[in-house]
Amino acid sequence: MNGSEGIWRDFLRRLLRNPLAVAGGAVILFLFLVAAFPHLFTSQNPDRIDVASILRPPSAAHPLGTDDLGRDVLARMVYGARVSLKVGFIAVGIATVIGLVIGLLAGFHGGRVDAVLMRFVDIMLCFPTFFLILAAIAFLSPSIVIIMAVIGLTGWMGVARLVRAETLSLKERDFVAAARAQGAGTARIVFRHILPNALAPILVAATLGVAGAILTESALSFLGIGVQPPTPSWGNILTTGKNYIAFAWWLSLFPGLAILFTVLGYNLLGEGIRDAVDPRLKGR
Amino acid sequence: MNRPLRRALSQSIVMLLLLAACSGGKPESAGKAAAVPDVPAYGDAVVEGSIGDISGFLSAVTSDAASHEAAGYVFNGLVRYDKDLKLEGVLARSWEVSPDGKKITFHLRRDVKWQDGAPFTSSDVMFTFQRMIDPKTPTAYGDAFKQVKRASAPDPFTFVAEYARPFAPALESWGMDILPKHLLEKYPDISKSPLNKKPVGTGPYRFVEWKTGEKVVFDANPDYFEGKPYIARVITRIIPDQATMFLELLSGGVDTMDLTPPQFARQTDTAEFGKSFNKYKYTAAAFTYLGFRLSHPFFKDKRVRQAIAYAADKKALVDGVLLGLGQEATGPYKPGTWAYNPNVRKYPHDPLHAKALLAEAGWKEKDGVLVKDGRPFEFTVLTNAGNEARAKTAAILQQNLAEVGIRMQIRTVEWAAFINQFIDKRDFEAVILGWTISPDPDQYVIWHSSMTGPKELNFVGFANSEVDKLLEDGRSTFDLEKRKKAYFRIQEILAEEQPYVFLYVPDALPVVQNRIHGIRPAVAGITYNFIKWYVPKALQKYRLEP
Amino acid sequence: MLRYVVRRLMWAVPILVGISLISFLMIHMAPGGPISVGTDLNPKATAETRARLEAYYGLDQPIHVQYWRWLSRMARLDFGASFSPDGRPVAEKIRERIPITLTINVLSMGLIFLVAIPLGVYSAVRKGSLFDRISTVTVFTGFSIPTFWLALLLMILFGVKLRWLPISGIASLDYGSLGAMGKLADRARHLLLPVLLAGFTGLAGMSRYMRSNMLEVIRQDYIASARAKGLPERKVVFRHAMRNAVLPVITILGLSVPDLLGGSVIFETIFSIPGMGQLFYQGVMSRDYPLIMGILTIGAFLTLIGNLLADVGYALADPRIRPE
């Protein structure tokens with residue numbers, strides 16, 4: 001159990017042998033580059049309104065065309081990448097933390113605590129998540145912070161179950177008993193033994209979660225309550241473009257493809273991770 | 001059916017998609033008619049698209065534009081607005097206002113029947129009046145009727161309304177749909193009556209069916225007192241998405257819809273499109289504005305508001321948001337109407353003048369941002385989510401104001417939250433919103449200093465005693481010249497004080513499949529004469545059983 | 001068996017109460033009263049009118065009173081009257097809209113089953129092959145694509161350019177005058193795109209689960225022994241492996257209900273389908289509290305039923321699993 005380095009190396013080797021996972025990973029890496037170094041990809045200001053160049057098709061000056069206020073689509077996509085990634089990561093971060101805490105509590109304490117917490121998870125899982133998100137954001141405000149918080153607050157259940165399962169199965173293992181006998185505190189057991197083993201499924205869940213968050217943001221934009229313009233997000237660029245899809249094809253094609261490839265990348269990577277994890281550790 | 005009146009009863013929110021400016025004169029059409037004998041013929045159906053479903057057919061108890069438009073096919077009021085936005089009689093063939101202005105006598109038509117055959121009489125008008133002031137009726141439109149001191153129906157074809165004081169907007173209020181007493185009198189709350197779902201009126205079309213969320217169907221009323229309409233059937237299809245609706249238009253699934261400026265100017269400019277559709281353009285009865293909370297320390301000072309008016313590039317707004325399909329607004333009235341004052345103070349785009357005014361008001365520039373008493377000039381403008389035009393307006397204004405050193409943040413909030421948390425509680429700094437403009441120029445509820453209570457409409461807190469008096473004068477006389485003077489002066493004051501920066505008046509941009517003839521664009525738009533629209537026999541698309 | 005079912009039902013009751021509590025709390029924490037949309041910024045309404053409407057809707061009661069009223073009515077499946085101007089009972093409005101949403105969801109679930117299972121099986125059997133890779137990408141594309149975007153693209157292709165299919169709605173304008181077969185064909189043409197789209201986008205979950213189950217089963221000892229017995233590969237795969245692998249897939253049924261319902265908001269909006277998703281969205285935008293709570297409850301209820309059916313079906317199907 002403590003030969004973690006060996007396990008990780010095996011895991012990476014298996015992952016890298018999967019062309020789809022590699023492709024997905026490459027897409028994501030590219031995206032990080034774009035988000036981190038926007039000036040490498042565009043020199044234009046994404047917010048610069050140019051009333052004289054409204055809805056122009058791709059050209060030398062504007063490689064991906066302009067939008068309905070004359071702003072450069074490429075620039076907006078580049079800066080929008082940041083927004084979309086930010087929403088994805090923070091939302092998933094929130095969900096993962098909540099899920100971890102609840103799963104650990106439930107698995108560790110067992111008994112009544114476990115029953116109550118899992119009942120709560122069951123209740124939350126019965127709600128159509130998107131309905132909840134929709135209602136919450138409409139009632140509060142479609143600000144980026146609220147969107148991230150709400151997506152996170154409605155997406156922790158899967159992680160909670162996974163972590164709980166891991167915790168339960170590991171709790172009874174010899175090495176934990178041994179560690180306890182040695183006087184190790186709960187926190188140590190959690191961080192050194194339980195978490196590393198639960199890491200793989202959590203990673204998978206997180207990867208898929210980011211993908212889902214990006215899609216959710218675009219669905220919310222479609223309904224008018226996603227990230228609000230003038231802040232660019234792929235979801236709101238796509239939504240603006242949809243009304244002009246019959247003639248300003250660039251305004252729908254590029255953000256649509258961007259979302260598709262990014263989410264696809266995350267999904268393929270997540271699946272690749274799942275495939276590459278030693279089935280022995282899959283934990284059921 | 002009477003579009004201007006319907007609009008007068010609706011909220012501004014619905015202007016979401018009806019953005020287009022109007023240019024004061026007669027609207028133009030762009031398209032060719034087919035080369036067949038252009039003879040009015042009965043038959044065919046017109047399919048309209050509607051973003052929202054209707055919520056009921058009794059206009060008194062609904063408040064959305066879709067419901068009011070649907071009701072307009074089936075019901076009539078005593079009066080309505082004609083093609084030049086002047087009041088004309090419908091169920092009333094004429095009326096007189098007494099010399100002291102306190103009594104209106106309506107002479108009703110004698111040849112009107114309800115669609116179930118019963119005769120229309122003054123007792124229906126009396127019944128409608130009583131229900132409008134009845135607390136059991138959940139209506140938002142009762143206030144004008146509450147001003148009536150006494151109503152009477154001396155004979156079956158005369159109705160008299162007496163007011164405590166002359167009340168000019170009263171006439172417009174009698175455009176409200178008249179309800180059938182014999183069918184509704186046994187329902188204390190008309191919103192619960194079957195008529196709200198299966199209406200029976202006096203209007204040009206009879207109700208056929210309403211499949212909620214799907215469609216509403218009307219058939220022509222052969223006994224309609226103004227003559228049987230040519231179009232035999234009207235179908236309103238509920239299509240919640242603008243993009244889908246446009247595709248339906250292209251494929252023939254709907255015959256008419258309102259276009260957005262980019263759709264009008266770009267998407268439909270092809271010869272291909274022109275072969276099958278006629279586009280129309282006329283000044284809409286709405287305006288968009290930037291409103292200030294007048295108690296805010298920054299905006300208290302008139303010079304600041306005027307400076308912002310100079311900084312705002314209204315031409316860029318018209319070009320950018322409306323693609324040129326509209327005009328700059330200088331006040332809260334529709335250009336081309338009798339109450340519109342074209343000679344008020346204007347604020348052309350002049351950043352230098354703006355900066356000078358701001359400097360006068362004590363603002364100093366520091367690193368590109370204006371500062372006064374240690375505070376930078378930053379504020380948040382609120383607007384409602386999902387409204388593309390307002391979002392674009394905000395973005396352009398943000399750029400305009402940055403040029404003069406003002407940092408404006410934009411915050412969009414979903415409509416219901418917007419109204420409740422911010423407007424009603426007066427918890428805002430500035431807003432970008434719009435009003436629909438009703439043909440009667442009385443705007444008491446928006447500008448009078450008494451209308452600043454919670455949930456009342458003077459939410460910016462405008463208080464000017466001269467304007468107060470002019471508002472009262474304007475609504476308490478029927479003399480057009482006197483009213484005009486009052487409203488002209490009000491516009492002068494508003495232009496000087498700038499409680500709002502008036503931004504633009506859009507054009508309405510309807511498009512109609514060109515097999516449909518008889519459309520005569522006018523100041524009121526194109527649908528005022530819907531009962532005279534027709535499709536020549538050879539072009540008819542929907543064959544309907546007689 | 002019966003005891004199992006009863007136990008599961010009893011488990012469902014506190015879940016339902018929890019659901020009602022959570023949805024009620026959520027809605028009442030939300031700013032924005034239900035009458036706002038009708039009277040706000042409407043120049044023809046005044047404070048008095050609004051107060052009248054507020055009393056009319058019963059919003060002047062304290063919050064626990066409102067909750068108790070709601071809970072006791074929910075138990076009778078009486079969700080009260082909608083706040084919207086038509087004031088119809090919420091249960092009636094939901095009942096009108098449920099059939100079409102359920103139809104589309106059931107049809108797309110059926111489609112998913114039909115396609116996902118063979119896809120998952122073959123992917124597992126030929127793991128790592130070109131087929132596996134291509135099907136993985138295809139399936140995930142469906143999962144990763146913004147649904148309204150794909151919907152519009154297909155509408156343009158099939159509706160505008162080719163004119164093979166209608167663009168939106170669930171019935172043609174002359175539906176009423178068609179014969180029975182005509183009605184069926186018309187409905188089918190209208191539902192084709194939505195169902196295909198819903199199926200395509202939902203394919204991933206089921207097929208990947210099928211694949212991973214199949215992979216696990218294939219590894220098992222009894223498969224190795226079947227092979228050692230000399231049974232043909234096909235028999236090994238279909239008779240033994242698949243049957244065992246399919247069973248857990250049934251449990252996904254219940255889990256997919258909330259996702260399908262959630263996705264229906266987008267679908268029904270873009271395709272102009274008058275279903276429950278669209279109704280929910282309208283309810284949220286107009287703060288129609290009874291309607292929102294009614295739909296959330298029904299949605300959760302449907303999920304519970306789905307889960308229950310799935311568990312029972314699984315228990316019935318697998319002779320090894322006999323609940324105590």
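A residue is buried under 20% relative accessible area, exposed over 50%, and partly exposed in between (1.4 Å probe, protein chains only). F191(A) has 58% relative accessibility and therefore counts as exposed. F191(A) sits in helix α9 of chain A, where helices (H or I, at least four residues) and strands (E, at least two) are DSSP runs numbered from the N terminus. Between F191(A) and V73(A) lie 118 residues in sequence and 45 Å in space, C-alpha to C-alpha.

This is a predicted model, in which local features need pLDDT of at least 70 and side-chain atom pairs count only at pLDDT 80 or more, while totals for chains, interfaces and linings use all residues. Residues are numbered from 1 along each chain as its sequence is written, chains are lettered from A and ligands numbered from 1 in the order written, and side-chain values use heavy atoms, with hydrogens and water left out.

Chain A puts 44 residues and chain C 50 residues into their contact (heavy atoms within 4.5 Å). The two chains bury about 4,200 Å² between them, 80% of it on carbon and sulfur atoms; buried area is the accessible area (1.4 Å probe) lost when two parts are put together, summed over both. C126(A), F131(A) and F139(A) supply 19% of the area that chain A buries against chain C, more than any other three residues.

One salt bridge is counted between chain A and chain C (a side-chain nitrogen of Lys or Arg within 4 Å of a carboxyl oxygen of Asp or Glu). R208(C) and E271(A) form a salt bridge through their side chains, at 2.7 Å, N to O. On the side of chain A that touches chain C, α11(A) gives the most, with twelve residues.
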